[in-house]
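Hi,

Have a look at it first, then read on whenever you have a moment.

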Amino acid sequence: MKSVFHFSVSFTCLVLFFGFIASARNGPERRRVSFNSDWKFHLGNASDPLKDFDFGIANIFSKSGKTEKTAVGRDFNDSLWRSLSLPHDWAVELPFVYKDNIDLKDHGYRPVGGLFPQNSIGWYRKKFSIAAADSGKRFSITFDGIYRDARVWLNGFYLGRNESGYSGITFDITDYVDFKKPNVLVVRVDATQYEGWFYEGAGIYRNVWLNIYNSVHLADDGVFVHTRQEGSSALVTVEAEVANQGPGSAKGTFMAYVKDRNGKTVGQTAEQPFSADAFAGRKIVQQLKLAGPELWSPDNPYLYHLVPVVKMNGKETDRKEVRFGIRTVEIRPEGVFLNGKHIKIKGTNNHQDHAGLGSALPDYLHYYRIGLLKQMGSNAYRTSHHAPAPELLDACDSLGMLVLDEQRLLNSSPEYMSQFERLIKRDRNHPSVFMWSIGNEEGFIQTNSFGKRVAQTLLAKQRQLDPTRTSTYAADLANVWNGVNEVIPVRGFNYRQFAVADYHKDHPDQPVIGTEMGSTVTTRGIYEKDTIKAYLPDQDITAPWWASKAEEWWPLAAENDFWLGGFIWTGFDYRGEPTPFAWPNISSHFGVMDICGFPKNLYYYYKSWWSDEDVLHISPHWNLKVKDGQKVNVWVNSNADKVELFLNGKSLGQKEMKQNSHLEWDVPYRKGILSAAGYRNGRKITAKVESTGTPYRIKLSPSKTTLKADGRDALVLNVSVLDKQGREVPDAANLIHLSAAGADAHITGAGNGDPDSHEPDKYEDGKWQRNLFNGKCQFIIQAGTVPGKITLSAKADGLEGAIVSVLHIR
């Protein structure tokens with residue numbers, strides 16, 4: 001099956017994966033309920049306890065359940081607090097602020113962190129009720145991601161702390177649930193201390209879940225399914241941890257069955273008796289064979305569903321549904337072999353923020369972003385530099401994108417071993433995950449015995465929890481062996497592409513991969529460097545001293561099998577790290593797409609050599625502000641064998657395309673049509689850019705036309721303008737006003753990809769607007785809960801407006 005991404009069809013089919021698990025008493029014993037709605041929020045203060053609701057003054061830890069008059073208390077009056085739904089990133093709501101501080105610069109000049117105590121503490125409170133009929137159940141709360149250092153209470157009882165801004169955590173709340181009165185869940189988030197050197201956001205920025213289950217149940221992340229191909233069959237191994245959190249010993253049975261994508265049962269194990277002592281567990285291992293299985297790959301991301309079932313006295317007490325894929329990954333010095341076929345890793349590094357949203361992405365945005373990378377021809381994604389959102393991996397599983405899953409720090413202390421264990425146990429069932437990364441650029445320890453010993457400890461834990469995969473480490477080192485590289489199974493290179501061949505010659509049995517490559521810095525639609533506005537030319541001509549351009553690294557990787565491939569830095573621009581500039585630049589330039597996902601010209605270089613599609617792309621646009629006759633450097637990115645360029649119908653010559661390269665012409669500028677004809681495998685392909693008229697009307701392009709009215713779905717609305725002849729105006733800069741009417745979906749973010757723009761990402765309802773940047777801007781629409789029709793209307797001074805309708809359905 002050819003893997004072609006269609007936003008409307010793909011997400012409609014996939015959204016059912018995320019819905020509420022049935023809460024009816026006669027439904028499945030295990031329930032998982034979204035806890036994203038009906039929260040209250042207020043900023044605290046990191047330096048003044050009086051402005052932090054007396055936290056730090058009141059002695060709330062002297063007795064269990066003691067809350068005094070703090071925001072931890074059940075009876076605290078939060079009626080004046082802001083009401084909101086999750087996911088939520090309060091940092092993206094703040095204005096940009098300048099201070100001469102490198103960490104603030106690298107975080108995109110959002111005023112969060114130690115310099116801004118008034119903005120660095122956030123309090124969240126949620127009230128909810130639990131039916132008395134569920135009093136015999138067990139309950140837990142799962143937070144998929146909070147940035148950062150979160151402390152959590154239920155009904156005034158302290159549950160615990162999660163220091164990580166990226167690793168999820170689950171708290172058992174059974175002992176503190178009240179069945180007679182509303183329960184109050186409280187989270188204090190402390191974003192004072194940065195973890196990274198890039199935009200990180202602040203708040204409960206991922207999903208939250210309430211889990212309801214029986215005392216005898218499948219443990220959290222306790223089911224591990226892995227496969228091995230045996231001829232025309234697949235051996236499926238199921239490892240399950242059954243937990244007994246009841247006061248008496250338990251006896252029961254365990255079995256598992258496998259369903260195909262149509263829901264048909266295609267295999268099952270026998271029921272196996274087990275016993276478990278009180279407050280203990282039992283590990284069960286079973287196997288089954290599937291005849292003629294569909295194999296998972298980026299071109300055919302076929303998913304099966306494993307359903308493990310626990311029964312007591314013949315009655316089902318727990319079950320889960322685990323998606324998995326059948327595939328074999330072998331990583332050898334001569335390449336990556338997926339299902340026995342050699343593949344080259346064509347990957348991107350990415351941070352997790354998006355225009356208008358910060359780090360708080362609705363689930364759909366992960367599918368949208370992975371879809372754009374797939375269209376470019378990318379087949380792999382590195383989760384730089386931390387545990388990803390679970391929904392990102394779901395998108396990679398469903399759409400077909402390999403994942404290099406990365407630990408936040410190279411550290412073996414109890415805190416970071418816990419984070420590493422949570423990462424592996426949570427993510428090891430995802431077929432997209434083909435390798436782990438134990439860290440990135442740890443310059444203080446990566447070449448000495450500290451780094452080596454830490455790496456050995458992490459690798460031992462990885463092999464214990466997941467012996468089916470291997471690990472790499474992203475080292476910004478040339479031909480260096482000492483330290484981590486002595487023990488890491490797969491040598492990762494961050495840049496230093498010139499040293500890969502020498503390293504391979506010295507260590508021929510160790511596979512080598514480019515964990516970070518490229519790092520061309522560009523600004524979409526800009527063709528001259530502008531140090532005042534902090535813009536860079538939109539071509540593969542500028543890279544930092546420590547990095548490389550696309551055509552410096554990719555030909556080396558493409559033409560040598562000892563390169564497993566590599567991951568470019570980055571797929572998307574992101575807030576922070578505005579290399580090589582500083583204020584007023586607030587965003588990076590590294591992406592082959594901007595922060596909205598609008599392609600830059602470099603996108604088409606990679607698409608030419610990474611995809612199977614015919615590619616012929618001409619740049620720059622032909623609305624240039626230059627004099628007639630002035631020479632313009634024209635680039636053509638294509639995978640055609642040869643290309644002929646024309647200006648207003650006159651040939652400017654034909655050139656042969658060198659593999660993994662591009663073509664250039666110096667063209668005397670004349671308004672009109674600049675066109676190209678390419679020839680690939682005997683086929684003719686054409687492309688053109690042309691001089692347009694002035695902006696005349698707005699064009700709205702929604703990523704889909706149906707929203708699920710679940711409060712969680714979303715769509716992307718891209719905006720451009722056309723001239724009177726219907727041609728897109730590539731240099732338009734009009735201010736676009738957008739409104740939403742009808743059902744209760746709402747606009748939740750705005751962006752345009754301009755790394756110098758200080759326009760807000762968020763607006764009050766009724767005031768949403770954004771300037772076009774080089775002809776484009778973007779709005780994010782968040783689903784509500786009331787079915788109906790949504791009308792999105794765009795206006796701009798002097799332009800014909802545009803309206804698009806979206807169905808909002810159950």
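Helix 8 (residues 550–559) packs against helix 9 at an angle of about 10°, their axes lying 12 Å apart. Helix 8 is therefore roughly parallel to helix 9 (angles under 35 degrees count as roughly parallel, over 145 as roughly antiparallel, 65 to 115 as roughly perpendicular and the rest as oblique). Axes here are lines fitted to C-alpha atoms, for helices over the stretch in contact, with angles from 0 to 180 degrees between N-to-C directions. Helices (H or I, at least four residues) and strands (E, at least two) are DSSP runs, numbered from the N terminus.

Before going further: this is a predicted model, where local features need pLDDT of at least 70 and side-chain atom pairs count only at pLDDT 80 or more, while totals for chains, interfaces and linings use all residues. Residues are numbered from 1 along each chain as its sequence is written, and side-chain values use heavy atoms, leaving out hydrogens and water.

Which residues bring the two helices together? Ala550, Glu551, Trp553, Trp554 and Pro555 in helix 8 meet Leu602, Tyr605, Tyr606, Trp609 and Trp610 in helix 9, contact meaning heavy atoms within 4.5 Å.

Helix 9 (residues 601–610) also lies across strand 31 and strand 32, at about 35° to strand 32. These strands belong to an open, antiparallel sheet of three, in the order 31-32-35; strands pair if DSSP finds at least two bridges between them. Strand 31 (616–619) and strand 35 (663–668) are the edges, each pairing on one side only. Strand 32 (residues 631–638) joins strand 35 through six bridges, and Val634 sits opposite Trp665 in strand 35.

**Around strand 46**

Buried means under 20% relative accessible area, exposed over 50%, and partly exposed in between (1.4 Å probe, protein chains only).

Strands 45 and 46 form a hairpin with six residues between them, and Gly798 in the turn has a positive phi of about 80°.

Asp561 is in the loop between helix 8 and strand 30 (563–569). Its relative accessibility is 45%, so Asp561 counts as partly exposed.

Best wishes
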